Amino acid sequence: MKRVYSAADPVLVGYLKSVLEGHRIACFVKNEFLRGAAGELPVNECWPELWVLEDREEWLAGELIADALAPGTGGDWTCAECGEICEGAFGLCWRCGALRTGRE
Ligand SMILES: [Zn+2]
């Protein structure tokens with residue numbers, strides 16, 4: 001298991017969990033209900049954390065999270081490697097797997 005994201009806002013963490021689940025990545029939120037303990041623990045140890053079950057999905061999850069948090073990613077984009085038109089929701093080319101550069 002790998003932790004892929006942590007934030008003070010449980011709503012945001014929950015949203016990102018739904019993004020990953022939408023891409024069939026098995027994940028769960030840790031510390032979701034620990035907020036009542038704040039004050040006894042260092043603050044950032046109480047933050048909700050998003051974890052993926054499969055280590056090999058950590059990188060993809062990170063890409064999806066970065067994409068979900070980036071502003072203005074709604075439009076389609078053209079892969080710099082193979083020229084494929086990809087949907088704006090994806091941070092990777094579905095055809096060749098190249099990373100979206102943001103310079104399309
Ligand atoms: Zn491509």
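A contact is defined here as heavy atoms within 4.5 Å. In this predicted model, residues 24 or more positions apart account for 50% of the contacts in the protein chain with a separation of 6 or more. Residues are numbered from 1 along each chain as its sequence is written. Local features need pLDDT of at least 70, side-chain atom pairs count only at pLDDT 80 or more, and totals for chains, interfaces and linings use all residues.

The protein chain has two helices and five strands. These are DSSP runs numbered from the N terminus (helices: H or I, at least four residues; strands: E, at least two). Their order from the N terminus is β-α-β-β-α-β-β. Of the 104 residues, 33% count as buried (under 20% relative accessible area; exposed is over 50%, partly exposed in between; 1.4 Å probe, protein chains only). The chain exposes about 6,500 Å², by the Shrake-Rupley method with a 1.4 Å probe. Carbon and sulfur atoms supply 53% of that area.

The zinc ion is coordinated at 2.3 Å by the SG atoms of Cys79, Cys82, Cys93 and Cys96. Donors are N, O and S atoms within 2.8 Å of the metal (3.2 Å for Na, K and Ca). Along the chain, the donors of the zinc ion follow the spacing C-x2-C-x10-C-x2-C. Cys79 lies in the loop between strand 4 (77-78) and strand 5 (85-86), and Cys96 in the segment after strand 5, so the pair ties together parts that are 17 residues apart in sequence. Cys79 is buried, at 4% relative accessibility. Cys96 is partly exposed, at 40%. The four donor atoms subtend angles of 106 to 115°, so the arrangement is tetrahedral (four donors, all angles between 85 and 135 degrees).

How values were computed:
Heavy atoms only, no water. Tetrahedral: all angles 85-135°; square planar, octahedral: opposite > 155°, others 65-115°.
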